[in-house]
Amino acid sequence: FLLNKYINWDFGLEMAAKMLNKSSINAQSSKYYSTSKNKSLIVYNRGRFNTEAGESIDLLNANISEMKGKSNINQLCNYINARVGFSSGIKIVISMENIFIKDLVNVIVLINKIYKNYKNKFNIPKLLFIKSNDEIINKLNEKINNDILDDKNMNASVSVYSIIDSELTLLNNITKYKLSYNRKSEEYNIVTIENIREFMKENNIENIADINLKIYFEELSKTINILKIIDYTTEIEGKTGYFCLYDGRWARFNNNYIDTVQKKIEEINSEMVLFDNSYNLSYKELESIKQSDKQEICNKLNIPVDQAIDSDMYREFVYNYKICKEKGAILLDRKDYNNIEICDIYYNDELVHTKIGSPGNFNECINQSIYGFEMWNNNKESVKEKLQIDDVNTVTLLLITNNKSVIREENINKFKSIRFKLNLIDWKSQIESYGKNIKIIIAELKE
(Lines give C-alpha, C1' and ligand atoms only; values in the text may rest on other atoms or scores of the structure.)
Protein backbone atom coordinates (compact mmCIF):
# COMPACT_ATOMS: atom_id res chain seq x y z
CA PHE A 1 0.00 0.00 0.00
CA LEU A 2 2.80 2.42 0.91
CA LEU A 3 4.51 1.77 -2.43
CA ASN A 4 1.32 1.91 -4.49
CA LYS A 5 2.03 5.26 -6.16
CA TYR A 6 5.56 4.16 -7.12
CA ILE A 7 4.62 0.80 -8.69
CA ASN A 8 4.21 0.28 -12.44
CA TRP A 9 1.18 -2.02 -12.42
CA ASP A 10 1.57 -2.63 -16.18
CA PHE A 11 5.05 -4.14 -15.73
CA GLY A 12 3.99 -7.81 -15.65
CA LEU A 13 2.13 -7.95 -18.95
CA GLU A 14 4.71 -5.67 -20.59
CA MET A 15 7.26 -8.36 -19.70
CA ALA A 16 4.93 -11.09 -20.99
CA ALA A 17 4.91 -9.44 -24.44
CA LYS A 18 8.73 -9.63 -24.46
CA MET A 19 9.32 -13.04 -22.87
CA LEU A 20 6.59 -15.61 -23.24
CA ASN A 21 6.36 -18.42 -25.76
CA LYS A 22 3.04 -17.94 -27.63
CA SER A 23 2.73 -21.70 -28.12
CA SER A 24 3.21 -22.61 -24.47
CA ILE A 25 0.40 -20.97 -22.48
CA ASN A 26 -0.62 -22.72 -19.25
CA ALA A 27 -3.33 -20.33 -18.00
CA GLN A 28 -4.97 -17.16 -19.30
CA SER A 29 -7.33 -14.86 -17.41
CA SER A 30 -9.32 -12.17 -19.20
CA LYS A 31 -11.88 -9.43 -18.67
CA TYR A 32 -14.63 -8.65 -21.17
CA TYR A 33 -17.09 -5.88 -21.87
CA SER A 34 -19.97 -7.71 -23.54
CA THR A 35 -23.54 -8.90 -23.07
CA SER A 36 -22.70 -12.52 -22.22
CA LYS A 37 -19.58 -12.52 -20.02
CA ASN A 38 -17.28 -10.24 -18.09
CA LYS A 39 -14.50 -12.54 -16.96
CA SER A 40 -12.97 -15.86 -17.98
CA LEU A 41 -10.21 -18.22 -16.89
CA ILE A 42 -8.82 -20.75 -19.36
CA VAL A 43 -6.36 -23.45 -18.29
CA TYR A 44 -4.26 -24.99 -21.08
CA ASN A 45 -1.71 -27.73 -21.40
CA ARG A 46 0.81 -25.61 -23.29
CA GLY A 47 -1.85 -24.04 -25.47
CA ARG A 48 -1.37 -21.25 -28.01
CA PHE A 49 -1.94 -17.62 -27.08
CA ASN A 50 -5.16 -16.39 -28.62
CA THR A 51 -7.58 -13.52 -27.98
CA GLU A 52 -10.93 -12.43 -29.36
CA ALA A 53 -12.52 -9.04 -29.84
CA GLY A 54 -13.69 -7.62 -26.52
CA GLU A 55 -11.10 -9.57 -24.50
CA SER A 56 -8.52 -7.87 -22.29
CA ILE A 57 -5.84 -10.03 -20.69
CA ASP A 58 -5.18 -9.59 -16.96
CA LEU A 59 -3.08 -12.69 -16.19
CA LEU A 60 -0.93 -15.16 -18.09
CA ASN A 61 1.01 -18.21 -16.94
CA ALA A 62 3.36 -19.45 -19.65
CA ASN A 63 6.77 -20.79 -20.53
CA ILE A 64 9.29 -18.20 -21.65
CA SER A 65 11.55 -18.41 -24.69
CA GLU A 66 14.48 -16.45 -26.08
CA MET A 67 14.26 -13.86 -28.81
CA LYS A 68 16.42 -14.31 -31.91
CA GLY A 69 19.79 -12.61 -31.53
CA LYS A 70 19.43 -12.21 -27.74
CA SER A 71 20.69 -14.21 -24.76
CA ASN A 72 19.33 -12.65 -21.55
CA ILE A 73 16.28 -14.95 -21.28
CA ASN A 74 18.44 -18.05 -21.75
CA GLN A 75 20.77 -16.75 -19.05
CA LEU A 76 17.82 -16.10 -16.77
CA CYS A 77 16.69 -19.71 -17.21
CA ASN A 78 19.93 -20.82 -15.55
CA TYR A 79 18.47 -19.41 -12.33
CA ILE A 80 14.70 -19.81 -12.66
CA ASN A 81 12.03 -22.23 -13.85
CA ALA A 82 10.99 -21.47 -17.46
CA ARG A 83 7.33 -21.32 -16.36
CA VAL A 84 6.53 -17.75 -15.29
CA GLY A 85 3.38 -15.96 -14.10
CA PHE A 86 2.56 -12.51 -15.48
CA SER A 87 -0.08 -10.10 -14.17
CA SER A 88 0.67 -6.73 -12.57
CA GLY A 89 4.08 -8.17 -11.75
CA ILE A 90 5.95 -11.36 -12.61
CA LYS A 91 6.13 -14.46 -10.48
CA ILE A 92 9.25 -16.62 -10.87
CA VAL A 93 10.40 -19.82 -9.17
CA ILE A 94 14.12 -20.18 -8.46
CA SER A 95 15.36 -23.52 -9.80
CA MET A 96 18.80 -23.60 -8.13
CA GLU A 97 19.37 -25.85 -5.12
CA ASN A 98 21.68 -23.33 -3.47
CA ILE A 99 21.22 -19.66 -4.15
CA PHE A 100 23.31 -16.74 -2.98
CA ILE A 101 22.80 -12.98 -2.88
CA LYS A 102 24.88 -12.54 -6.04
CA ASP A 103 22.53 -14.92 -7.87
CA LEU A 104 19.48 -12.87 -6.87
CA VAL A 105 21.29 -9.74 -8.04
CA ASN A 106 21.99 -11.42 -11.40
CA VAL A 107 18.31 -12.34 -11.75
CA ILE A 108 17.26 -8.72 -11.12
CA VAL A 109 19.89 -7.39 -13.54
CA LEU A 110 18.79 -9.79 -16.30
CA ILE A 111 15.10 -8.92 -15.81
CA ASN A 112 15.98 -5.23 -16.02
CA LYS A 113 17.94 -5.79 -19.26
CA ILE A 114 15.02 -7.69 -20.79
CA TYR A 115 12.57 -4.95 -19.79
CA LYS A 116 14.71 -2.15 -21.21
CA ASN A 117 16.23 -3.76 -24.31
CA TYR A 118 13.76 -6.33 -25.68
CA LYS A 119 11.05 -5.43 -28.19
CA ASN A 120 7.57 -6.88 -27.90
CA LYS A 121 7.10 -10.20 -29.69
CA PHE A 122 3.38 -9.41 -30.06
CA ASN A 123 0.70 -7.08 -28.68
CA ILE A 124 -1.42 -8.03 -25.69
CA PRO A 125 -4.85 -6.40 -25.28
CA LYS A 126 -4.56 -5.54 -21.61
CA LEU A 127 -5.58 -3.33 -18.76
CA LEU A 128 -3.77 -0.08 -17.98
CA PHE A 129 -3.85 0.68 -14.28
CA ILE A 130 -4.93 4.15 -13.19
CA LYS A 131 -2.70 6.03 -10.75
CA SER A 132 -4.20 6.42 -7.29
CA ASN A 133 -4.03 10.23 -7.49
CA ASP A 134 -5.90 10.44 -10.83
CA GLU A 135 -9.05 12.56 -10.47
CA ILE A 136 -11.11 9.96 -12.32
CA ILE A 137 -10.76 7.54 -9.37
CA ASN A 138 -13.30 9.56 -7.38
CA LYS A 139 -15.79 9.41 -10.25
CA LEU A 140 -15.34 5.65 -10.61
CA ASN A 141 -15.76 5.11 -6.86
CA GLU A 142 -18.93 7.18 -6.88
CA LYS A 143 -20.32 5.25 -9.84
CA ILE A 144 -19.68 1.77 -8.44
CA ASN A 145 -21.29 2.72 -5.13
CA ASN A 146 -24.38 4.04 -6.91
CA ASP A 147 -24.60 0.93 -9.09
CA ILE A 148 -24.21 -1.53 -6.22
CA LEU A 149 -26.86 0.27 -4.14
CA ASP A 150 -29.27 0.29 -7.11
CA ASP A 151 -31.47 -2.84 -6.89
CA LYS A 152 -32.08 -2.80 -10.64
CA ASN A 153 -28.46 -2.35 -11.72
CA MET A 154 -26.71 -5.48 -13.03
CA ASN A 155 -23.27 -4.00 -13.83
CA ALA A 156 -21.53 -5.36 -10.74
CA SER A 157 -21.09 -9.00 -9.73
CA VAL A 158 -18.92 -11.17 -7.51
CA SER A 159 -16.05 -12.76 -9.39
CA VAL A 160 -15.53 -16.51 -9.69
CA TYR A 161 -11.85 -16.07 -8.77
CA SER A 162 -9.42 -13.54 -7.37
CA ILE A 163 -5.68 -13.10 -6.93
CA ILE A 164 -4.79 -13.61 -3.27
CA ASP A 165 -1.14 -13.56 -2.14
CA SER A 166 -0.10 -13.64 -5.84
CA GLU A 167 -2.02 -16.88 -6.34
CA LEU A 168 -5.12 -17.27 -8.51
CA THR A 169 -7.79 -18.45 -6.04
CA LEU A 170 -11.19 -19.83 -7.03
CA LEU A 171 -13.82 -18.28 -4.78
CA ASN A 172 -15.73 -21.55 -4.50
CA ASN A 173 -12.73 -22.78 -2.44
CA ILE A 174 -13.54 -20.13 0.18
CA THR A 175 -15.61 -21.67 2.98
CA LYS A 176 -16.83 -18.50 4.70
CA TYR A 177 -17.00 -14.73 4.21
CA LYS A 178 -17.35 -12.15 6.96
CA LEU A 179 -18.46 -8.58 6.22
CA SER A 180 -17.91 -6.07 9.02
CA TYR A 181 -18.38 -2.35 9.60
CA ASN A 182 -18.32 -0.35 12.85
CA ARG A 183 -18.53 -3.44 15.08
CA LYS A 184 -21.41 -4.88 13.04
CA SER A 185 -20.79 -8.04 11.04
CA GLU A 186 -22.49 -10.74 9.00
CA GLU A 187 -21.16 -14.15 7.93
CA TYR A 188 -21.99 -15.92 4.65
CA ASN A 189 -21.10 -19.29 3.16
CA ILE A 190 -21.43 -17.66 -0.27
CA VAL A 191 -21.37 -13.91 -0.81
CA THR A 192 -23.28 -12.15 -3.58
CA ILE A 193 -23.80 -8.57 -4.72
CA GLU A 194 -27.26 -8.81 -3.16
CA ASN A 195 -25.67 -9.70 0.21
CA ILE A 196 -23.28 -6.77 -0.06
CA ARG A 197 -26.07 -4.38 -1.11
CA GLU A 198 -28.26 -5.49 1.80
CA PHE A 199 -25.36 -5.11 4.27
CA MET A 200 -24.63 -1.59 2.97
CA LYS A 201 -28.26 -0.50 3.23
CA GLU A 202 -28.81 -1.99 6.70
CA ASN A 203 -25.73 -0.18 8.02
CA ASN A 204 -26.16 3.06 6.03
CA ILE A 205 -22.85 2.49 4.21
CA GLU A 206 -22.33 4.75 1.20
CA ASN A 207 -18.85 3.53 0.21
CA ILE A 208 -18.29 -0.20 -0.38
CA ALA A 209 -14.56 0.27 0.33
CA ASP A 210 -15.45 0.99 3.99
CA ILE A 211 -16.50 -2.65 4.44
CA ASN A 212 -13.92 -5.03 5.89
CA LEU A 213 -13.94 -8.45 4.23
CA LYS A 214 -12.49 -11.52 5.94
CA ILE A 215 -12.27 -14.78 4.03
CA TYR A 216 -11.68 -18.31 5.31
CA PHE A 217 -10.02 -20.94 3.13
CA GLU A 218 -7.58 -23.84 3.46
CA GLU A 219 -7.78 -23.62 7.29
CA LEU A 220 -6.58 -20.02 7.06
CA SER A 221 -8.26 -16.65 7.36
CA LYS A 222 -7.27 -13.41 5.70
CA THR A 223 -8.63 -9.86 5.55
CA ILE A 224 -8.63 -8.47 2.01
CA ASN A 225 -9.89 -5.43 0.13
CA ILE A 226 -13.53 -6.22 -0.71
CA LEU A 227 -13.04 -4.74 -4.20
CA LYS A 228 -10.68 -7.66 -4.99
CA ILE A 229 -13.71 -9.95 -5.39
CA ILE A 230 -15.89 -7.51 -7.39
CA ASP A 231 -16.28 -7.67 -11.18
CA TYR A 232 -17.27 -4.29 -12.55
CA THR A 233 -16.84 -2.59 -15.92
CA THR A 234 -18.22 0.80 -16.85
CA GLU A 235 -17.97 4.00 -18.85
CA ILE A 236 -17.63 7.54 -17.50
CA GLU A 237 -19.54 10.34 -19.18
CA GLY A 238 -17.19 12.72 -20.97
CA LYS A 239 -14.30 10.23 -20.88
CA THR A 240 -13.28 7.97 -23.76
CA GLY A 241 -12.59 4.31 -23.08
CA TYR A 242 -13.78 1.65 -20.66
CA PHE A 243 -12.86 1.22 -17.03
CA CYS A 244 -12.93 -1.82 -14.77
CA LEU A 245 -11.86 -3.20 -11.42
CA TYR A 246 -9.02 -5.67 -11.42
CA ASP A 247 -7.68 -7.15 -8.18
CA GLY A 248 -9.23 -4.24 -6.30
CA ARG A 249 -7.62 -1.53 -8.46
CA TRP A 250 -9.08 0.64 -11.21
CA ALA A 251 -7.86 0.13 -14.76
CA ARG A 252 -8.75 1.04 -18.34
CA PHE A 253 -8.60 -1.08 -21.49
CA ASN A 254 -5.61 -0.29 -23.71
CA ASN A 255 -5.51 0.85 -27.35
CA ASN A 256 -4.79 -2.64 -28.66
CA TYR A 257 -8.08 -3.77 -27.13
CA ILE A 258 -9.93 -0.98 -28.98
CA ASP A 259 -8.06 -1.73 -32.25
CA THR A 260 -9.08 -5.40 -32.07
CA VAL A 261 -12.73 -4.41 -31.72
CA GLN A 262 -12.51 -1.96 -34.64
CA LYS A 263 -10.98 -4.61 -36.92
CA LYS A 264 -13.72 -7.10 -36.08
CA ILE A 265 -16.41 -4.50 -36.85
CA GLU A 266 -14.74 -3.80 -40.21
CA GLU A 267 -15.12 -7.51 -41.03
CA ILE A 268 -18.79 -7.46 -40.01
CA ASN A 269 -19.39 -4.27 -41.99
CA SER A 270 -17.95 -5.72 -45.20
CA GLU A 271 -19.56 -9.17 -44.91
CA MET A 272 -22.90 -8.80 -43.14
CA VAL A 273 -24.11 -5.19 -43.26
CA LEU A 274 -26.54 -4.02 -45.94
CA PHE A 275 -27.23 -0.31 -46.48
CA ASP A 276 -30.67 -0.36 -48.10
CA ASN A 277 -32.53 2.81 -49.11
CA SER A 278 -35.81 0.93 -49.39
CA TYR A 279 -35.92 0.84 -45.58
CA ASN A 280 -35.30 4.58 -45.13
CA LEU A 281 -37.67 6.38 -42.80
CA SER A 282 -39.04 9.91 -42.57
CA TYR A 283 -41.29 11.14 -39.79
CA LYS A 284 -43.38 13.03 -42.34
CA GLU A 285 -44.16 9.77 -44.12
CA LEU A 286 -45.04 8.03 -40.85
CA GLU A 287 -47.48 10.77 -39.92
CA SER A 288 -49.12 10.41 -43.33
CA ILE A 289 -49.46 6.63 -42.86
CA LYS A 290 -50.98 7.16 -39.41
CA GLN A 291 -53.77 9.15 -41.00
CA SER A 292 -54.31 7.14 -44.19
CA ASP A 293 -54.10 3.69 -42.55
CA LYS A 294 -55.46 4.51 -39.10
CA GLN A 295 -58.23 1.90 -39.21
CA GLU A 296 -55.91 -0.94 -40.22
CA ILE A 297 -53.21 0.09 -37.72
CA CYS A 298 -55.79 0.17 -34.91
CA ASN A 299 -56.97 -3.30 -35.96
CA LYS A 300 -53.38 -4.57 -35.67
CA LEU A 301 -53.16 -2.99 -32.22
CA ASN A 302 -56.56 -4.34 -31.16
CA ILE A 303 -57.83 -0.92 -30.12
CA PRO A 304 -60.98 0.94 -31.29
CA VAL A 305 -60.28 3.75 -33.75
CA ASP A 306 -62.25 6.28 -31.71
CA GLN A 307 -60.11 5.51 -28.64
CA ALA A 308 -56.73 5.55 -30.37
CA ILE A 309 -54.23 8.21 -29.38
CA ASP A 310 -50.82 9.04 -30.86
CA SER A 311 -48.92 7.24 -28.09
CA ASP A 312 -50.65 3.98 -29.07
CA MET A 313 -49.40 4.31 -32.62
CA TYR A 314 -45.77 4.82 -31.72
CA ARG A 315 -43.30 5.34 -34.53
CA GLU A 316 -41.57 1.92 -34.53
CA PHE A 317 -44.90 0.10 -34.72
CA VAL A 318 -46.08 2.27 -37.63
CA TYR A 319 -42.71 1.80 -39.32
CA ASN A 320 -42.87 -1.98 -38.89
CA TYR A 321 -46.44 -1.92 -40.23
CA LYS A 322 -45.22 0.04 -43.29
CA ILE A 323 -42.36 -2.42 -43.98
CA CYS A 324 -44.62 -5.46 -43.60
CA LYS A 325 -47.16 -3.97 -45.98
CA GLU A 326 -44.48 -3.24 -48.59
CA LYS A 327 -42.64 -6.58 -48.24
CA GLY A 328 -45.57 -8.89 -47.61
CA ALA A 329 -44.12 -9.78 -44.20
CA ILE A 330 -45.80 -10.82 -40.93
CA LEU A 331 -46.07 -8.04 -38.32
CA LEU A 332 -45.22 -9.40 -34.85
CA ASP A 333 -44.44 -6.15 -33.03
CA ARG A 334 -46.25 -6.17 -29.65
CA LYS A 335 -46.97 -9.89 -30.00
CA ASP A 336 -45.15 -12.07 -27.50
CA TYR A 337 -44.54 -15.63 -26.42
CA ASN A 338 -44.13 -16.05 -22.65
CA ASN A 339 -43.70 -12.25 -22.37
CA ILE A 340 -40.85 -12.21 -24.88
CA GLU A 341 -41.16 -10.60 -28.34
CA ILE A 342 -39.73 -13.18 -30.72
CA CYS A 343 -39.26 -10.45 -33.35
CA ASP A 344 -40.87 -7.35 -34.82
CA ILE A 345 -41.10 -8.70 -38.38
CA TYR A 346 -41.05 -12.25 -39.75
CA TYR A 347 -40.06 -12.35 -43.41
CA ASN A 348 -38.44 -14.99 -45.67
CA ASP A 349 -37.51 -17.20 -42.69
CA GLU A 350 -35.91 -14.19 -40.98
CA LEU A 351 -36.49 -12.90 -37.46
CA VAL A 352 -36.14 -9.13 -37.78
CA HIS A 353 -35.79 -6.79 -34.81
CA THR A 354 -36.20 -3.08 -35.54
CA LYS A 355 -34.87 -0.05 -33.68
CA ILE A 356 -34.91 3.64 -34.55
CA GLY A 357 -32.32 5.86 -32.89
CA SER A 358 -28.70 5.64 -31.75
CA PRO A 359 -26.28 2.99 -30.39
CA GLY A 360 -27.84 3.21 -26.92
CA ASN A 361 -31.19 2.17 -28.44
CA PHE A 362 -29.47 -0.42 -30.64
CA ASN A 363 -27.98 -2.17 -27.57
CA GLU A 364 -31.54 -2.78 -26.36
CA CYS A 365 -32.44 -4.16 -29.78
CA ILE A 366 -29.47 -6.56 -29.70
CA ASN A 367 -30.57 -7.95 -26.34
CA GLN A 368 -34.15 -8.35 -27.59
CA SER A 369 -32.87 -10.19 -30.67
CA ILE A 370 -30.88 -12.66 -28.57
CA TYR A 371 -33.75 -13.31 -26.13
CA GLY A 372 -36.29 -13.60 -28.96
CA PHE A 373 -34.19 -16.04 -30.97
CA GLU A 374 -33.43 -18.24 -27.96
CA MET A 375 -37.12 -18.31 -27.00
CA TRP A 376 -38.00 -19.45 -30.53
CA ASN A 377 -35.16 -21.99 -30.59
CA ASN A 378 -36.32 -23.59 -27.33
CA ASN A 379 -40.07 -23.57 -28.16
CA LYS A 380 -40.31 -23.97 -31.94
CA GLU A 381 -43.58 -25.87 -32.19
CA SER A 382 -45.58 -23.79 -29.71
CA VAL A 383 -44.17 -20.52 -31.14
CA LYS A 384 -45.17 -21.71 -34.62
CA GLU A 385 -48.69 -22.43 -33.42
CA LYS A 386 -49.13 -19.04 -31.75
CA LEU A 387 -47.18 -16.70 -34.07
CA GLN A 388 -46.98 -18.60 -37.39
CA ILE A 389 -43.17 -18.60 -37.35
CA ASP A 390 -42.39 -21.67 -39.43
CA ASP A 391 -38.60 -21.83 -39.70
CA VAL A 392 -35.67 -19.49 -39.12
CA ASN A 393 -32.54 -19.32 -41.25
CA THR A 394 -31.45 -15.76 -40.53
CA VAL A 395 -31.56 -13.35 -37.58
CA THR A 396 -31.62 -9.71 -38.65
CA LEU A 397 -31.16 -6.32 -37.02
CA LEU A 398 -32.89 -3.44 -38.82
CA LEU A 399 -31.31 -0.26 -37.45
CA ILE A 400 -32.46 3.19 -38.56
CA THR A 401 -30.05 6.05 -37.80
CA ASN A 402 -29.54 9.73 -38.56
CA ASN A 403 -25.74 9.42 -38.14
CA LYS A 404 -24.54 11.15 -41.31
CA SER A 405 -21.01 9.68 -41.19
CA VAL A 406 -22.33 6.12 -40.97
CA ILE A 407 -24.75 6.64 -43.86
CA ARG A 408 -22.34 8.62 -46.05
CA GLU A 409 -19.43 6.19 -45.69
CA GLU A 410 -21.61 3.08 -45.33
CA ASN A 411 -19.57 1.98 -42.35
CA ILE A 412 -20.92 1.12 -38.90
CA ASN A 413 -17.44 1.69 -37.45
CA LYS A 414 -18.32 5.39 -37.64
CA PHE A 415 -20.55 4.87 -34.62
CA LYS A 416 -18.44 5.95 -31.63
CA SER A 417 -19.92 3.60 -29.05
CA ILE A 418 -17.50 0.75 -28.28
CA ARG A 419 -20.16 -0.86 -26.12
CA PHE A 420 -22.50 -1.11 -29.11
CA LYS A 421 -19.71 -2.65 -31.19
CA LEU A 422 -18.88 -5.19 -28.50
CA ASN A 423 -22.53 -6.13 -28.10
CA LEU A 424 -22.79 -6.52 -31.88
CA ILE A 425 -19.74 -8.84 -31.96
CA ASP A 426 -21.20 -10.85 -29.08
CA TRP A 427 -24.62 -11.05 -30.81
CA LYS A 428 -22.97 -12.34 -33.98
CA SER A 429 -21.05 -15.00 -32.04
CA GLN A 430 -24.11 -16.19 -30.12
CA ILE A 431 -26.44 -16.45 -33.13
CA GLU A 432 -23.82 -18.13 -35.33
CA SER A 433 -23.16 -20.71 -32.59
CA TYR A 434 -26.65 -22.07 -33.43
CA GLY A 435 -25.72 -22.37 -37.11
CA LYS A 436 -27.89 -19.45 -38.21
CA ASN A 437 -27.05 -16.61 -40.61
CA ILE A 438 -27.00 -13.02 -39.47
CA LYS A 439 -27.79 -9.80 -41.29
CA ILE A 440 -27.64 -6.14 -40.30
CA ILE A 441 -29.70 -3.66 -42.34
CA ILE A 442 -28.83 0.00 -41.91
CA ALA A 443 -31.35 2.61 -43.09
CA GLU A 444 -31.40 6.38 -42.86
CA LEU A 445 -33.67 8.33 -40.55
CA LYS A 446 -34.76 11.52 -42.25
CA GLU A 447 -36.27 14.04 -39.87
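How are H6 and H13 oriented to each other, oblique or roughly parallel? Let me set the ground first. This is a predicted model, where local features need pLDDT of at least 70, side-chain atom pairs count only at pLDDT 80 or more, and totals for chains, interfaces and linings use all residues. Residues are numbered from 1 along each chain as its sequence is written, and side-chain values use heavy atoms, with hydrogens and water left out.

Confidence next. pLDDT is the predictor's confidence in each residue, from 0 to 100. The protein chain has a mean of 86, with 89% of its residues at 70 or more. Strand S17 (residues 273-275) is highest, at 97, and strand S9 (residues 167-170) is lowest, at a mean of 65. Helices (H or I, at least four residues) and strands (E, at least two) are DSSP runs, numbered from the N terminus.

Now the opening pair. The axes of H6 (residues 255-272) and H13 (residues 418-432) come within 10 Å and cross at roughly 55°. Axes are lines fitted to C-alpha atoms, for helices over the stretch in contact, and angles run from 0 to 180 degrees between N-to-C directions. H6 and H13 are therefore oblique to each other. Under 35 degrees is roughly parallel, over 145 roughly antiparallel, 65 to 115 roughly perpendicular, and the rest oblique.

Second pair. H7 (residues 283-292) and H9 (residues 315-327) have axes that come within 10 Å and cross at roughly 80°. So H7 and H9 are roughly perpendicular to each other. In contact (heavy atoms within 4.5 Å), H7 residues including Tyr-283 and Leu-286 meet H9 residues including Val-318 and Tyr-321.
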